[in-house]
Each structure stands twice: as C-alpha cells, then as structure tokens.
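Hello,

Here is the structure I promised to pass on. Please look it over first; my notes follow below.

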Amino acid sequence: MWNDDFGEPGPGRSAALRMTAVTRRHGRGRSAVHALRGVDVSLSAGSFTAVMGPSGSGKSTLLQCAAGLDRPTAGSVRLGGQELTRMGRRALTRLRRAHVGFVFQSFNLLPSLTAEQNVLLPLRLAGRPARRERPRAREALDRVGLADRLHSRPGELSGGQQQRVALARALVTEPEVICADEPTGALDPVTAEDVLALLRDAVDGLGATVLMVTHDPAAAACADTVLFLADGHLVDRLEPASGSAVPRGDGGTGAPGVRPVDVIADRMRSLSGAGARPRSAPGAAVPAPPAEVAL
Ligand SMILES: Nc1ncnc2c1ncn2[C@@H]1O[C@H](COP(=O)(O)OP(=O)(O)OP(=O)(O)O)[C@@H](O)[C@H]1O
Ligand SMILES: [Mg+2]
C-alpha cells in the first residue's frame, strides 16, 4: 500500500523520499566502481531539490535508486513510506507507474511512437484507455510548447523538443514524485525557464516532490534545496530560497547583493576543480533503461 502521509519528515511521519546510507557499487574487487558511497537524503512532500556535482559523481545513480529504477548495493530507500529495496520487481513497477514520473538524461522515448503516443504510454500502462486520455496527453504537450508536434516521431524532433516530450510524459500522470535528470540540459535559456516553471508549478500547485539533477546553477537556484555530490558522497547542501545559499560570517561573502546563483556556481567550481572529469554529453555516462522497462 502507498502511504499517503507525505508530511514533513519527523517523528512518526514519513518523508516523500528517504534514502539512508545508500551505496551503489558496480563490479567487485579492484575494478569495482563506487557510484554512491553511503548517501542520506530526506525530501519532504511538496519540496523541490536540485542535485549538482561533477560528471561521474553519482547524480544519475542517485536519481535511479530514488525512483526504484536501480537497486542500491546496500542501504534503504523509502518512497511514500514504502521500502523499495525489499520490493519485488512487479510491485516496484506498479508503484513507480502510479506514483513516480521520471525524465531520463537521454530522454528514452520510444522511436516508433509519435510524441502524443509517447506521452500516452504511461496512461495506457496504467490501464487507462487511450481514446479517453488523449486530451490529457495533448494538454501536457501543449504545456511544454509542442502542441503542433503531436504526430512527430522522436527522430523528427530536435534534442530540446525530445526533452520536452520526455517531460510531458513524466508529468502527464500527475505523479507525487518527479525525478528529472538534467531536464533542461538540451534547452535554450527561455525554454529552460519554461520547463523549470512547470516543475515549480508541479511542486507549488500539485504538491509534487521534485528531485532534479542539473549542471546549471540558474536551474538549481529555482529549487528549495541544492545537494552537492562528489565522488559518490553528499558533500554540501544549500537552500537558495531561504537565503542560506549566501555564505555568512568569516568569509565576508555574505554581503547583501550576493546572488544565490553565484554562490551555487562558485560551489560547483570548487567541486569540479577537485580532480573531477570534464562533463560528458547528456546521456553519455550511463545508458538509461529502455523506456518500456522503465515506465
Ligand atoms: N552500469 C554501470 N557499470 C559500471 N559503472 C557504472 C554503471 N553505471 C554508472 N557507473 C559509474 O558510476 C559512476 C556514477 O555514474 P552516474 O551516471 O551516476 O554519474 P553522473 O553524476 O550522473 O554523471 P554525468 O554528469 O556525466 O551524467 C560513474 O563513474 C559511472 O561510470
Ligand atoms: Mg548523469
């Protein structure tokens, strides 16, 4: 059963998402890759969290573990009060389809389906008849500015347009939790702003909980909280909206006029300088699971 008590994390109440001591290791022995090395994350319902970090720091892995698309090697992931790590594959798929929207770094659209059919897919998988749900799919595509491309296949769309179809597909079921892996990575600044506004609306209007990976400090500044990952560790946390992104005290950089976006960019620069690899193209690091498996 899905636990609808999505209250603030605290004694006796469940967070929308709670990850405790999550590790994810690929392979064994000396060739093992440690994607996550004991990460704790707790998100309350109706919150917007950005995840930043150098390429290879574990951001996509964190998102995929949070959404039940990948299984941690150790640790606990509770989504809506349910422990994912002990769940069978079918139960996990059911829970994900009902409650989670996922935007993949590599979009993961089905190439043989039109934009409209791709957006209809999660509704069809939930057993809702396509004919009745078509207006909802069209509205979702309209919201991302693609009302005129309903019948285009992914191969006929630009990267940014495909990214927006992927976002429409993630939002169409109005899920409680939305995980978005670089949802603005292929967009121009104006379209990126529109997409961020859509995510913000899902949080403020529908009470959704958003976990978004981004490399863009301006996108991260739209979130309530920014988490920083480095080499599989959670190393920092800022709260741009409350002003705590602005360092105070000794450093003297907390002077009025310091913008959160600059503080975030500065923090990212200091992490990227610490021996991080250069950023790869979206989707290059890890192939996402096929859409028909992941939806
Ligand atoms: N299936 C896999 N097999 C082996 N290593 C993997 C696998 N998936 C991820 N990794 C490794 O885990 C680490 C974290 O990968 P992840 O994709 O989470 O990084 P990321 O922070 O999302 O990077 P990017 O910004 O480039 O997308 C990387 O070193 C990556 O190569
Ligand atoms: Mg990634």
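This is a predicted model: local features need pLDDT of at least 70, side-chain atom pairs count only at pLDDT 80 or more; totals for chains, interfaces and linings use all residues.

**Strands, ligand shell and confidence**

Start with one pair: Arg78 has Glu83, in β5, as its bridge partner.

The open sheet has four strands, ordered β2-β1-β4-β5, with antiparallel pairing. β2 and β5 (82-83) are at its edges and have a single partner strand each, so one side of each lacks a neighbour in the sheet. Helix α1 packs on this sheet. It touches β1 (17-26), β2 and β4. The direction of α1 makes about 125° with that of β1.

The ligand

Around ligand 1 there are 15 residues. Which come nearest? They are His26, Ala35, Ser55, Ser60 and Thr61. Both β2 (33-43) and α1 (59-66) give at least two residues to the shell. The largest share is from α1, with three residues. By class, the shell holds 10 polar, four nonpolar and one charged residues.

Confidence

The protein chain has a mean pLDDT of 86. Of its residues, 83% reach 70 or more. Two stretches deserve a separate mention. Residues 4-13 have pLDDT below 50, and the model gives this stretch 15 contacts beyond near neighbours in sequence. For residues 275-285 the pLDDT is also below 50. That stretch has 22 contacts beyond near neighbours in sequence.

Best wishes

Key. Residues are numbered from 1 along each chain as its sequence is written. Chains are lettered from A and ligands numbered from 1 in the order in which they are written. A residue is near a molecule or strand if its C-beta atom, placed from the backbone, lies within 6 Å of it. Ala, Val, Leu, Ile, Met, Phe, Trp, Tyr, Cys and Pro count as nonpolar, Asp, Glu, Lys and Arg as charged, and the others, Gly among them, as polar. Two strands pair if DSSP finds at least two bridges between them. Two residues are in contact if their C-beta atoms, placed from the backbone, lie within 7 Å. Axes are lines fitted to C-alpha atoms, for helices over the stretch in contact, and angles run from 0 to 180 degrees between N-to-C directions. pLDDT is the predictor's confidence in each residue, from 0 to 100.
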